[in-house]
Amino acid sequence: MSSIVTAWMTALGGMVVLLVNHVSGHSQSTSASLSTMNFIDSIAGGIALGALGAAVLHHRLPAYGWSLGMLTSVLLGSVNPLPHVGGFLDESVPSTDWPAMDVPPLWMIIVALVLVAASTLANRHRRPAERLSIELPMTPILAGVLLVLVFVFSAEWLARHGGSLADIGVAVVVTVGGAIIAAMLLPGRDGTLVLLTVSVSAVGSATIAASVPAWSVPLLVIVAALGLFAGARHPVPTACLGALLVLVLFTAFTANTENSLLIMTGTTALAWIAGYSLAAASPHYVPNRVLGTVVLFVPSAVLGLRDYVSRGHYALRESPDEPVVCTVTTQDTSAPAWAAFAITIGCALGWWLLRSSRPLQPTATAAKPDEPEPEPR
């Protein structure tokens, strides 16, 4: 927050580590520690995302690009391409490389690295974008830690105990409670974005197809961009929550069908609503916008429940006279959608509580991209 060039340099450092890690992954053997490489990959990506947010979210047009890039990366991650090495796939030769090295492609990381380096040079003399505040940096950190812990715990819990209605209820209550507390920790109504993205994450985990076809990604990106534009022109968080409720009900009643048209219809609607939500709730402080957006990357309780439902419940029975017998009990495929419905209702109640307890404050108009930044007072 204190220096634009520092933000760009931090993003550049994250991209360099990301590139080195991916190049190293292609040359490592199966004896390498893939968990360590995955950890480095996640840390470097998180540094790049957060630093880019600090660098560009002070201006309206770059903020749209950053938000659209977030949604695009989620869609690209849903394509699940076949792992390949060197630009071609040879099924006759087993690959010893890390398949995750191909997501995102190496050429995309290089292009991003070049662009970030150019932006670092172009902004090396920029002035601070906003005043420093003593109490501001702590609240996004506390809210972020709370959200991540709650999300990861509830997802891991339901991935192993998704067959119990009581366990699902506890996970839903914990998720909603964590979202409301995190929203209340943020100043003003900045927590609105947290409540919306928690709902989008829950509904998206139940709605989006298990594997999105690659040809649909450009279409979905355009739909998400239209959602961003609509959210910026007519920001109504209540309408966003209502649209999510309608979408998750549609998902619940069509969960047992395998109609690809219905699945893509829900995915397309989700892309538009996700874009709308990121623009309809525009926090005043940059760290709060970064926090609210990166919630989309944290596994939700609904995702854990969907994983449990897709695998079914495995029960092992063993007696002294009989061998081990494994029985599989199928689960209700609409359970994730109903869990997402409950989470969305809880977030809607949290939005009502936030709106009634926090007066509406006038938001500062973002400077245009070609306007000079204000002098620090």
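Is cysteine 240 buried or exposed? I began my notes there, keeping in mind that this is a predicted model, and I found that cysteine 240 is buried, with a relative accessible area of 1%.

I then looked up cysteine 347, which is also buried, its relative accessible area being 0%. When I went on to search for disulfides, I recorded that the structure holds zero of them.

Next I turned to salt bridges, and here I noted that the structure holds one. The partners are glutamate 156 and arginine 160, whose closest N and O atoms lie 2.5 Å apart. I placed both residues in helix H5, which covers residues 138–161, and saw that they are four residues apart, about one turn of the helix.

My last entry concerns two helices, H1 (residues 4–27) and H2 (residues 34–56), whose axes come within 8 Å and cross at roughly 155 degrees. Since angles over 145 degrees count as roughly antiparallel, I wrote down H1 as roughly antiparallel to H2. I noted the crossing of H1 and H2 as left-handed, and, sorting the residues of their contact by class, I listed 17 nonpolar, seven polar and one charged.

Technical notes:
Residues numbered from 1 in each chain as written. Predicted model: local features only at pLDDT ≥ 70, side-chain atom pairs only at ≥ 80, totals over all residues. Heavy atoms only, no water. Salt bridge = Lys/Arg side-chain N within 4 Å of Asp/Glu carboxyl O. Disulfide = S-S within 2.5 Å. Buried < 20%, exposed > 50% of the residue type's maximum accessible area, 1.4 Å probe, protein only. Axes fitted to C-alpha atoms, helices over the stretch in contact; angles between N-to-C directions. Parallel < 35°, antiparallel > 145°, perpendicular 65-115°, else oblique. Left-handed = near helix turned anticlockwise from the far one by under 90°. Nonpolar A, V, L, I, M, F, W, Y, C, P; charged D, E, K, R; others polar.
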